[in-house]
Amino acid sequence: NRRSSSMTSSYNGLLRLSELKFIDYFTSSLPKNCSTTQIPHQTKNCCFSFAEPTPLKHKSSIVAFSDSSARLIDLHPNERSSDTFVSFISGSRLIPGIKSWAERYGGFQFGVWAGQLGDGRAVSLGQIINRRSEIWQIQLKGSGQTPYSRSFDGRSTLRESIREFLCSEAMFHLGIPTCRSLCVMTYDDKVYRNGKDEKGGIVCRLMPSWIRFGSFEILHYNKEFQIVKELCDYVIKHHFSHLTDDSKKYSKFFC
């Protein structure tokens, strides 16, 4: 009992992974890809595809961790040493009741409309509501192939994962709006790049939402106008709720 009391007080109101409040606003509100395969393919009339991280064959470990990012989701920094947390951010253990997903979007590349792009090497593990009622979407980048990977493996090297971690945290602390990085992990599975095997890495990122202009553009170019309205309504409701009173006046543009 003394040990349990000491552990609870040391957390000072911050939580273990198992105590975080996970929700499924995104996946329960928006149209999903009806195909269940993770083999890359063209999708229609949807905002996302359910997708799971590719299981690792060898041991994984954390090489960098941001205490300040952890506090955004009320996670205690000590959780970095938890086997449960390491399994979670390696993609081998998901939250019961929450399905992971990859988002669909389109965009321009080299000045030309490239069509469907999407989360080709990123999988969102869920949304978390913190004690300040803020929504944070937790995502793994480099966790394996998704329906939007095209001809790629969906993996990242350790060097590029560390670079993204450092750049995003540096930009935030310089006052530049950006996503946050919770941690970087590495594993013994090799990633083939530039004619050689490299050490693999996964960066765990946090954002209120990963919806972007391309999320709307792919719907516009494919003439999926009803879903444009659904996505717009979702964004207003969950991320710009102060616009709710005025939303009706804008609805005519999405009909």
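Biologist: How many residues line the largest pocket, and which lie nearest its centre?
Modeller: Bear in mind that this is a predicted model. The lining of the largest pocket is made of 22 residues, and Y105, G118, G120, R121 and K141 are the ones that lie nearest its centre.

Biologist: Which elements give two or more residues to that lining?
Modeller: Those are strand 8, residues 135–141, and strand 11, residues 196–207.

Biologist: And how much space lies in there?
Modeller: About 430 Å³ for the largest pocket.

Biologist: What does the lining of the largest pocket have by class?
Modeller: Nine charged residues, eight nonpolar and five polar.

Biologist: OK, what about the second largest pocket: how many residues line that one, and which lie nearest its centre?
Modeller: The second largest pocket has 13 lining residues, with T36, F50, A51, K99 and S100 nearest its centre. About 180 Å³ of space lies in it. Its lining splits into five nonpolar, five polar and three charged residues.

Biologist: Back to strand 8. Which way do its residues point?
Modeller: I135, Q137, Q139 and K141 point one way, while W136, I138 and L140 point the other way.

Biologist: Are they buried or exposed?
Modeller: On both sides, all of them are buried. Seven of the seven residues of strand 8 fall in that class, so the strand is largely enclosed by the rest of the structure.

Biologist: Which strand pairs with strand 8 over seven bridges?
Modeller: That's strand 7, residues 122–129, in the antiparallel sense.

Biologist: Is D74 buried or exposed?
Modeller: D74 is buried: its relative accessible area is 2%.

Biologist: What about K223, where is that one?
Modeller: K223 is in the loop between helix 6 (213–221) and helix 7 (225–239). Its phi is positive too, near 60°, and K223 is a residue other than glycine. K223 counts as exposed, with 63% relative accessibility.

Biologist: Changing topic to helix 5: how far apart are its end C-alpha atoms?
Modeller: They are 23 Å apart. Helix 5 has 16 residues, 158–173, which should span 22 Å at 1.5 Å a residue, so the two values agree.

Biologist: Which residues of helix 5 are buried?
Modeller: L158, E160, S161, E164, F165, S168 and E169 are buried.

Biologist: What do they pack against?
Modeller: Several elements: strand 3 (60–65), helix 3, strand 8, strand 9 (156–157), strand 10 (180–193) and strand 11.

Biologist: Last one: which residue with a positive phi follows helix 5?
Modeller: That's G175, with phi near 90°.

Methods
Residues numbered from 1 in each chain as written. Predicted model: local features only at pLDDT ≥ 70, side-chain atom pairs only at ≥ 80, totals over all residues. Heavy atoms only, no water. 1 Å grid on protein atoms, 1.4 Å probe; cavity = no way out; pocket = protein on both sides within 12 Å on 5 of 7 lines; lining within 4 Å. Points joined across faces, edges and corners; volume = space filled by probe spheres on them. Helix = DSSP H or I, 4+ residues; strand = E, 2+ residues; numbered from the N terminus. Nonpolar A, V, L, I, M, F, W, Y, C, P; charged D, E, K, R; others polar. Buried < 20%, exposed > 50% of the residue type's maximum accessible area, 1.4 Å probe, protein only. Pairing = 2+ DSSP bridges. Expected span 1.5 Å × (residues − 1). Contact = heavy atoms within 4.5 Å.
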